[in-house]
Amino acid sequence: MENRTDSVATLPQAPLPPRAEKAVPALSGGWPLIGHLRDFQKDPISLLSRGWRERGELFQFRLGPRDFFLFTGPEAHDFFFRAPEDQLNAKAVYQFTVPIFGRGVAYDVATEIMDEQLMFLFPALRKAALEKFARIMFKEAREFAEALGENGEIDLPHAMNELTVKIASRCLIGEEVREQVDTGFADAYHDLQKGINTLGFFLPRLPTKAHRTRDRARERVAELFSRIMTARRDSGARPDDFMQTLIQARYKDGRALSDDEITGILLTVLFAGQHTSAVLATWIGLELTRAPSYLARVREEARDVYGEAGSMSLESLKEQVTMEHAVRECERLHPPLIMLIRKILKPMRYKDFVVPAGAMAMVSPAVSHRLPHLFADPDQFFPDRFAEPACEDKQHSYALIGFGGGKHRCMGKHFAYMQLKAIWTVLLDRFDFERINGFPAPNYGSWVTGPKEPCRFRYRRRPGSSVFR
Ligand code: HEM
């Protein structure tokens with residue numbers, strides 16, 4: 001596992017040399033006072049894609065009183081992700097998470113402390129842990145499939161949410177939390193999720209009903225986690241999981257983490273990793289079921305890999321390259337996080353352009369992943385673009401940015417890929433799926449971009465035996 005503070009993290013930036021300076025081109029359109037807000041609310045990705053077509057790799061637009069600068073394409077992404085934190089700052093943007101994750105963790109503390117807190121978790125994502133996670137993912141997906149019976153209808157986003165909460169609570173928190181998913185934890189987590197709303201983004205402490213529900217849910221989760229930690233300390237149990245890793249961790253000054261800090265870090269990881277996974281899992285189901293010939297190849301590969309196997313392993317999941325390319329293609333076409341935003345704390349120069357302090361900088365995976373000079377026929381689901389000889393994702397290190405990049409890049413990408421492959425290998429082995437509604441458009445009204453609902457599927461158990469022994 002790479003070190004968070006390595007290579008790309010904080011390259012010093014030279015002071016701006018005296019050179020020709022150009023103002024960043026502005027996106028056409030926009031209204032007095034509101035700027036481009038109306039079009040942005042309707043369909044942010046159409047608006048930003050138009051900006052790229054019109055103005056190229058860097059342009060400016062306005063949402064209400066706030067100026068934004070969109071960086072598009074591998075070179076511009078590289079610049080964005082390499083910028084030091086005191087220039088492009090994530091903490092200022094993610095303040096809305098503080099009431100959810102809690103005080104003293106993540107975006108409530110200095111960046112160096114957040115780095116230290118996330119670094120604690122890397123041992124919990126080592127190879128041996130991933131081995132164990134592969135078995136858990138397989139078991140949870142099998143139980144989930146079993147409970148579906150022979151045939152029926154499911155709401156796919158809801159189903160994927162349920163399954164990924166179970167997997168995440170077991171792998172990313174601890175076994176005891178998984179046991180309480182159906183008896184309180186899922187409800188509290190759901191109430192916390194509702195705290196992520198547009199109002200909360202701008203005014204996270206405003207005393208609204210949703211925010212009061214969110215705060216009570218945070219207390220319920222803290223009580224639950226604290227009870228589990230106390231029980232572990234009393235019994236001397238030391239299960240090999242994220243919670244235990246944090247219980248045993250020490251800050252550089254030797255201090256142990258408080259229960260509330262541990263709760264906050266676990267919630268940070270859960271929020272970063274669960275909903276995003278559920279949404280991408282939904283898109284994968286949608287895309288694979290409308291590409292029957294690719295789906296047949298995914299199933300054939302599963303027969304080759306698992307024909308004689310009783311379970312899944314890290315190794316077997318790695319062998320599923322055809323499935324991996326389908327997951328990557330869904331990451332490209334439907335990145336759950338469509339915009340990554342930073343506050344500009346110091347003016348910066350990109351090529352001849354000067355980007356002023358005080359505004360917001362962003363990259364958009366959803367825009368960049370459909371650049372026609374990087375991805376042939378970019379709107380098509382074509383997973384073979386990642387296979388030899390095209391290998392379209394290998395041409396530039398920042399062509400695909402669905403998991404971010406640089407210092408804040410996602411620490412759970414391998415975990416997410418494993419989980420997505422495990423879920424769909426099991427479900428496609430067991431069932432045939434048929435979409436009931438038309439192919440859904442993205443729902444941009446949510447922080448994590450899933451498909452618009454309804455998104456219902458009919459399923460029917462496949463004749464013949466499973467590829468698993
Ligand atoms: C499909 C699933 C996932 C997607 C699409 C995803 C995407 C991302 C992206 C785009 C970022 C960068 C955010 C930014 O630059 O502002 C990020 C950061 C992060 N991800 Fe993920 N992620 C996923 C799953 C996970 C999982 C499973 C975990 C935990 C094991 C996780 C933990 C994190 C954490 C802790 C960060 C913050 C890193 C930092 O700010 O330093 N993610 N993720």
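The structure accordingly holds 0 disulfides, a disulfide being a pair of cysteine sulfur atoms within 2.5 Å.

A word on what you are looking at: this is a predicted model, in which local features need pLDDT of at least 70 and side-chain atom pairs count only at pLDDT 80 or more, while totals for chains, interfaces and linings use all residues. Residues are numbered from 1 along each chain as its sequence is written, and side-chain values use heavy atoms, with hydrogens and water left out.

| Residue | Relative accessibility | Class |
|---|---|---|
| C171 | 1% | buried |
| C410 | 36% | partly exposed |

What does C410 do at the ligand's iron atom? Its SG is the single donor from the protein, 2.3 Å away. Donors are N, O and S atoms within 2.8 Å of the metal (3.2 Å for Na, K and Ca); water is not among the atoms, so sites may look incomplete. C410 is found in the loop between α17 (365-368) and α18 (413-430). Helices (H or I, at least four residues) and strands (E, at least two) are DSSP runs, numbered from the N terminus.

Now for the sheet. Three strands form an open, antiparallel sheet in the order β5-β11-β10; two strands pair if DSSP finds at least two bridges between them. β5 (151-155) and β10 (431-435) stand at the edges with a single partner strand each, so one side of each is left without a neighbour in the sheet. On average, neighbouring strands here are turned by 25 degrees against each other, direction ignored. β5 pairs with β11 (residues 456-461) over 5 bridges, and E153 has R458 of β11 as its bridge partner.

Helix α7 (residues 156-173) lies across β5 and β11, at about 85 degrees to β5. Axes are lines fitted to C-alpha atoms, for helices over the stretch in contact (heavy atoms within 4.5 Å), and angles run from 0 to 180 degrees between N-to-C directions.

Stepping back, the chain has 18 helices and 11 strands. Its C-alpha trace spans about 70 × 55 × 45 Å along the principal axes. Of its 469 residues, 54% count as buried. Among contacts between residues at least 6 apart in sequence, 74% join residues at least 24 apart.

How values were computed: Buried means under 20% relative accessible area, exposed over 50%, partly exposed in between (1.4 Å probe, protein chains only).
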